[in-house]
Structures are given as structure tokens and as C-alpha cells.
Amino acid sequence: MADVSGDSRFRGRSDASLLLDAGHDPSAFSELYVRHVAEVYGWLRRRLEWAASDLTAETFARAWLSRGRYRDVRGGSALPWLLGIAANVLADTTRRNRIETRARARLGLPLDLASEDGFTAVEERLSPRVALARGLGSLPAHERDALELRVVDELSYAQVAKRLAIRPAAARLRVSRALRRLALSVPKEDP
């Protein structure tokens, strides 16, 4: 394969020597990246197209972190080593995706979170704020008004009663009923 070096300082140098120098000269690792990113990306794209860019980035991040463990067994080319890392990244991603998909299925959540509708459905189902708004909207108007005056406006029961032209005992009863209905309509969070 022709040398596709990005920096003339590295022309003719093996990948092994670039990895050896990368610790004190990060541009040496950049050169390794330039030489092999297209092959690594292509390899990943053929296997998992939608995630190839992210997996390529993860491959080179892992290569950077493990550069000190590189052993030159291919005459100076790091491509087989990089593709081995890419295979591990792909396997990890596939395993994690299977686990997450099974968990979403068990919880009754949408399996396809790649679409905007998937995120919206999860947000609507799990968001306490959305559930609370839905619960408040389902309350009878007289109970909702009493609850908002007592909780949102922080009025005393006597003030709520005065505003609604009812007795304080009736105001207390309306707030109590509204809270009970909300408690039954809003899903509980696990501790």
C-alpha cells in the first residue's frame, strides 16, 4: 500500500516507530491515524454502518491508551493491531446493545430509540413532570383550583376558602381529594 503520510517528517517511518514516539510526540500518533483511519472506518462501516464513525473514534482512543502494549509482529504495520481493537470495540458495542435492547423490552420501552419518536415516548412515559401535568389536567376544575391555590400559590386553607367562596373545611377536602387522585394517577418512582 502506498504511503499516505500527512506529515513529511514521518515519511518512510514504520507504524511501530510512530507508536514508540507517540508518548513524547503526539503528532506521531496523528500520523498513524492519517495512515489508517480510512481502512478502520471502512472495516467498521461494512459491519455496522450507522455507528462506524463513533466506533472508529473509539478504536483510535483505545489504541492511544494501549499504544505502549503494541508489539510489532507485522513488519512495522499497525493496521492488523488497529483492526483487532476495532473488532473488540464492535463486539463490546454489539453486546451492550443486546443487553440494552433486552432491558428496554422487559420494561416495555420502545426498542428503536434511534427515531425521535422513541425518545419522545420514553420521555412521556418516564417523566414525572409529564405525568404530573397529565394528572393535574384530569382533575375536576374545582379540585384543581383548590390544589393550585394551596400548593402553587401557598395560600392557607382559610385563604383558599375565601378565594373560592367556600368554607375552610370544604377547601381542605378539595385539596385532599385532589392530592389523593394525583397520587393514584402518577407512576411511583423506585427508591
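**A loop serine and its surroundings**

Tutor: Apart from neighbours within four places in sequence, Ser 77 is in contact (heavy atoms within 4.5 Å) with Asp 15, His 36, Tyr 70 and Asp 72. The model is predicted, so local features need pLDDT of at least 70 and side-chain atom pairs count only at pLDDT 80 or more, while totals for chains, interfaces and linings use all residues. Residues are numbered from 1 along each chain as its sequence is written, and side-chain values use heavy atoms, with hydrogens and water left out.

Ser 77 sits in the loop between helix H3 (52–65) and H4. Helices here are DSSP runs of H or I with at least four residues, strands are runs of E with at least two, and both are numbered from the N terminus. With a relative accessibility of 28%, Ser 77 counts as partly exposed; the classes are buried under 20% relative accessible area, exposed over 50% and partly exposed in between, using a 1.4 Å probe and protein chains only.

One of the contacts of Ser 77 is His 36. The two residues are 41 apart along the chain, and their C-alpha atoms are separated by 9.7 Å. His 36 belongs to helix H2 and is buried, at a relative accessible area of 7%. Neighbours within four places in sequence aside, the contacts of His 36 are Asp 15, Phe 60, Ser 77, Ala 78, Leu 79 and Leu 82.

The side chain of Asp 15 forms a salt bridge with that of Arg 35, with 2.8 Å from N to O. Asp 15 is in helix H1 (residues 15–21) and Arg 35 in helix H2 (residues 26–47), so this pair ties together parts that are 20 residues apart in sequence. Asp 15 and Arg 35 are both buried. A salt bridge here requires a side-chain nitrogen of Lys or Arg within 4 Å of a carboxyl oxygen of Asp or Glu. By this rule there are eight salt bridges.

Arg 45 and Glu 49 form a salt bridge in which the closest N and O atoms are 3.1 Å apart. Glu 49 is exposed at 52% relative accessibility, and Arg 45 is partly exposed at 41%. A salt bridge also links the side chains of Arg 95 and Asp 92 (3.1 Å, N to O). Because Arg 95 and Asp 92 are three residues apart in helix H4 (residues 79–107), about one helical turn separates them. Salt bridges with shared partners join Glu 58, Arg 62, Asp 92 and Arg 95 into one network.

Helix H7 (residues 141–152) contains 12 residues and reaches 15 Å from first to last C-alpha, close to the 16 Å expected at 1.5 Å a residue; the expected span is 1.5 Å times one less than the number of residues. Glu 143, Ala 146, Leu 147 and Leu 149 are the residues of H7 to note as buried. Viewed down the axis of H7, its buried residues fall within an arc of 165°, so they line one face of the helix. The arc is that of the directions from the helix axis to the C-beta atoms. Just after H7, Glu 154 has a positive phi of about 55°.

H8 and H9 form a packed pair. The axes of helix H8 (residues 157–164) and helix H9 (residues 168–185) come within 8 Å and cross at roughly 100°. Axes are lines fitted to C-alpha atoms, for helices over the stretch in contact, and angles run from 0 to 180 degrees between N-to-C directions. H8 and H9 are therefore roughly perpendicular to each other; angles under 35 degrees count as roughly parallel, over 145 as roughly antiparallel, 65 to 115 as roughly perpendicular and the rest as oblique. On the H8 side, Tyr 157, Ala 158, Val 160, Ala 161 and Leu 164 meet Pro 168, Ala 171, Arg 172, Arg 174 and Val 175 in H9.

The buried residues of H9 are Ala 171, Val 175, Ala 178 and Leu 182. Down the axis of H9 they fall within an arc of 65°, so they line one face of the helix. The face turned away from the buried side of H9 carries the exposed residues Ala 169 and Leu 184.

As a whole, the protein has nine helices and zero strands. Of its 191 residues, 31% count as buried.
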